[in-house]
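Hello,

Here is the structure I promised to pass on to you. Please open it alongside this email, and I will walk you through what turned up.

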Amino acid sequence: MSVDDQYNGSRGGTAAKRAALIIHTIADMAAAFLGLWILLYLLEANQGNVFVQFVKSVADSLAWWAQDIFTMDTEGLRVALHYGLPAAIYLLVGHLIAGRVRRF
């Protein structure tokens, strides 16, 4: 099912459906930035690159609350958990809220 099908694909949709789409999109974008940072880190992207620094700063802003939850020796696993947990939570909560808003 496409996003257009899910939200009736019309510009004349109700305000609740438009709000749900916005919430859904924001949650997806937050998770995408976090996932992209995990990927860039695990692939050992150049930390001096402007794009990599931008993605890291956005990911740090989104995952500040999850930093240092897990302590482990493997740095890659630690990064995956510290940024993957917030990504999963943003997706779950964002989609649940969007689903509730859409029903109104």
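Helix H2 (residues 15-42) and helix H3 (residues 50-62) have axes that come within 9 Å and cross at roughly 125°. Helices here are DSSP runs of H or I with at least four residues, strands are runs of E with at least two, and both are numbered from the N terminus. The axes are lines fitted to C-alpha atoms, for helices over the stretch in contact, and angles run from 0 to 180 degrees between N-to-C directions. H2 and H3 are therefore oblique to each other; angles under 35 degrees count as roughly parallel, over 145 as roughly antiparallel, 65 to 115 as roughly perpendicular, and the rest as oblique. Their crossing is left-handed, a term used if the near helix is turned anticlockwise from the far one by less than a right angle (right-handed if clockwise).

On the H2 side, the contact (heavy atoms within 4.5 Å) is made by Ala30, Phe33, Leu34, Leu36, Trp37 and Leu40. H3 brings Phe51, Val52, Phe54, Val55, Lys56, Val58, Ala59 and Leu62. Sorted by class, the contact of H2 with H3 has 13 nonpolar residues, no polar ones and one charged. In this scheme Ala, Val, Leu, Ile, Met, Phe, Trp, Tyr, Cys and Pro are nonpolar, Asp, Glu, Lys and Arg are charged, and the others, Gly among them, are polar.

Before going on, a word on the source: this is a predicted model, in which local features need pLDDT of at least 70 and side-chain atom pairs count only at pLDDT 80 or more, while totals for chains, interfaces and linings use all residues. Residues are numbered from 1 along each chain as its sequence is written, and side-chain values use heavy atoms, with hydrogens and water left out.

H2 also packs against H4, at an angle of about 170° and with the axes 8 Å apart. These two helices are therefore roughly antiparallel. Their contact has 22 nonpolar, five polar and four charged residues.

As for the chain overall, it has four helices and zero strands. Of its 104 residues, 29% count as buried (buried is under 20% relative accessible area, exposed over 50%, partly exposed in between, with a 1.4 Å probe and protein chains only).

Of its 13 residues, Leu34, Trp37, Leu40, Val52, Ala59 and Tyr83 touch the most other members. H2, H3 and helix H4 (75-102) each give two or more residues to this core, and the largest share, five residues, comes from H2.

Alanine 59 lies in helix H3 and counts as buried, at 0% relative accessibility. Not counting residues up to four places away in sequence, alanine 59 touches Phe33, Leu34, Trp37 and Tyr83.

Finally, the loops. Most residues other than glycine have a negative phi. Glutamate 44, in the loop between H2 and H3, has a positive phi near 55° and is exposed, with a relative accessible area of 71%. Aspartate 68, in the loop between H3 and H4, has a positive phi near 65° and is exposed at 59%.

Best wishes

Methods
A nonpolar core is a set of buried Ala, Val, Leu, Ile, Met, Phe, Trp, Tyr and Cys residues joined through side-chain atoms within 4.5 Å.
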